[in-house]
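Trainee: I would like to go through this model by question and answer. Shall we start with the strands?

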Amino acid sequence: MSHLNLCGADMDTRHVSGLPPCRPRMLPDEWVETYLFRVARENGIRRPRLSDIDHFRPTLSATALSKPDGYPIWGDTTLPRWSVVTRVNKIRYCPECMMQSRHIRSRWRLTVLDVCTVHYIRLKDDLAEPVMTRGYGREGRYFVSDVTDEQLWAGAVCPMPGERRYVEQMWSGFERSIVDNNFPGAFEQLTCILALEALLDAVLTTVRDPETRRLCTTRSTELAALVERYQFPLTASLDGIRAFLDHITVVSHRSVVLLRLRRMLIDEAHRPTCFSTLPIVDLRQRLLMGSRKGTSAAHEIPHPDHDQSTGYVSLGKAASLIGGPSRLVKWLIDKGICQGVRVVRVSQRQHTFLPSQAVDACDRWRASVATRKQVMNELHIDGRGFLVLSRTGLLRPVSVDSFKFFRRSDLADLCRRLERVSHPFPSNTAHLHPLLGEWISLSGCYRQVSTDVMNEVFSGKIPIFRRTGSPGLSAYFIDHTALERVRRLRMGEAIRHRHQQCPSGQLSLLTP
């Protein structure tokens, strides 16, 4: 009888506790989310819901460490968010791999893996898991559990020779390691692959042809053409990354790669990922020194005593290395941050040259500050939150000509202060409100009230709660205590406002 109940009508998981009766073996590199749907079906749930698989998730040792975001899991290190897709996205697959075993591989959830290097077939994206995949009911979608062989192969294509060479160089070692169950080696390669993909993407922005984009050329095809054009070496290792950096000779390519490496440093300080295992500072310094050694004659000081002028770069070149406009470098020179600057007059024009150590000093200063957009991205706040933090004096701008920067030390202090005074996130969250939510008045007579309450929150006088796993300031919430404090201060502000309108000793006509 129990067997009939298990395999018949849908089982209600709300009344099931502990381990599920049927626990199928997890297949090689199987994606956690579709595996959980498979578990649900084998336990008699014909139409699994998200609540069903989230019920089973903590009960199975193979899935207990996973999260509902659907990101693939290899080891304990986090992958960059841009490199993976959540569970609501399309399900991509290799038809030949699916013919060998009908399960979805975790590696297919990598956004930058476009071609299966086991069979050299471009990944298709017409599979869906009911309830989970966005738009699963659209025409042309097939369900993972009942797709036919003909549907798997319909429209399958192979990459062109150039693209095949590119994906083979970049991805074949990683996929071989996955197939051989060498996950530590695969993850080490994946870290280097993602770093190379990010740097190649940066270079691609300088040469991308709008006509190519209109023809809907795939990303891997574009990168293959880029690698072929500039003969970039590609090896999924740390030495391979060094060789790639050494091979960059175009000035615009160096500039965007330097900016991308700096972006990595900033992102890793905020949210550590697998890139934290790479010596990003050393790699960036390697590219900086290489660019100075390769400085063309147009950037050298036109001075008779040429031996004394080696190691200098022009103002424009320094600006490109630092990642800012020339007037920013001029401001740094005026403030004494750049020293040893030489000015040479040629004909009617004046040229400014900076020594290498001065460029390093500028680069360190630029890395110590953030723009308004960077602050919002790193703290995960919107324009409203940025305005609140600025008015409370928690963000102190550094004005440079028409630009405004913010010290990263202030951002770090701000986060440390909140973490120090925050409480664990409660189980009942109905009474909580976002820290930088709609309760804050940005204009009118109550603007100062919001500022005062925000300062009290940061000083620990008002309770604040931190939700682990959420990025930046989006992790912090306040409860009714802050709202009640706002209400009392507003009442006091209203009373003071009425007293100002009715000075002491003068009767108000409104007084009964």
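Trainee: In which sense do β1 and strand β4 pair, and over how many bridges?
Mentor: Keep in mind that this is a predicted model. Strand β4 covers residues 124-128. Ile91 stands opposite Leu127 in β4. The sense of the β1 and β4 pairing is antiparallel, and the count of bridges is 2.

Trainee: What is the strand order in the open sheet, and which strands stand at the edges?
Mentor: The sheet is open, has 3 strands and shows mixed pairing. Its order is β1-β4-β5. Two strands have a single partner strand each, so one side of each lacks a neighbour in the sheet. Those edge strands are β1 (91-93) and β5 (142-143).

Trainee: Over how many bridges does β11 pair with strand β10?
Mentor: Strand β10 spans residues 397-400. Val400 has Phe403 of β11 as its bridge partner. The two strands pair in the antiparallel sense, and the number of bridges is 4.

Trainee: And which residue in β11 is the bridge partner of Ala370?
Mentor: Look at strand β9, residues 369-370. Strand β9 runs antiparallel to β11 (residues 403-407), joined by 2 bridges. The partner of Ala370 in β11 is Phe406.

Trainee: Now the rings. How do Trp171 and Phe174 pair, edge-to-face or stacked?
Mentor: A search of the whole structure gives 7 aromatic pairs. For Trp171 and Phe174, the centres are 5.7 Å apart and the planes are at 70°. Planes over 60 degrees apart set the class. The pair is therefore edge-to-face.

Trainee: Where do Trp171 and Phe174 lie, and are they buried or exposed?
Mentor: Both lie in helix α6 (residues 161-179), 3 residues apart, about one turn of the helix. Trp171 has 1% relative accessibility. Phe174 also comes out at 1%. The cut-off is under 20%, so Trp171 counts as buried, and Phe174 is likewise buried.

Trainee: What class does the pair of Tyr230 and Phe232 fall into?
Mentor: Phe232 is buried, at 5% relative accessibility. Tyr230, Phe232 and Phe244 form one aromatic cluster. The ring centres of Tyr230 and Phe232 are 5.7 Å apart and the planes are at 25°, so this pair is stacked.

Trainee: How many residues of helix α13 are buried?
Mentor: Helix α13 takes in residues 315-322 and is mostly covered. Its buried residues are Leu315, Lys317, Ala318, Ala319, Leu321 and Ile322.

Trainee: Which elements give two or more residues to the lining of the second largest cavity?
Mentor: The lining consists of Ala195, Leu199, Ile241, Leu261, Met264, Leu278, Ile280 and Leu283. By class, this lining has 8 nonpolar, no polar and no charged residues. The elements giving two or more lining residues are α7 (183-207), α11 (251-270) and α12 (280-293).

Definitions and conventions:
Residues numbered from 1 in each chain as written. Predicted model: local features only at pLDDT ≥ 70, side-chain atom pairs only at ≥ 80, totals over all residues. Heavy atoms only, no water. Pairing = 2+ DSSP bridges. Buried < 20%, exposed > 50% of the residue type's maximum accessible area, 1.4 Å probe, protein only. Phe/Tyr/Trp six-rings, centres within 6.5 Å; stacked < 30°, edge-to-face > 60°. 1 Å grid on protein atoms, 1.4 Å probe; cavity = no way out; pocket = protein on both sides within 12 Å on 5 of 7 lines; lining within 4 Å. Nonpolar A, V, L, I, M, F, W, Y, C, P; charged D, E, K, R; others polar.
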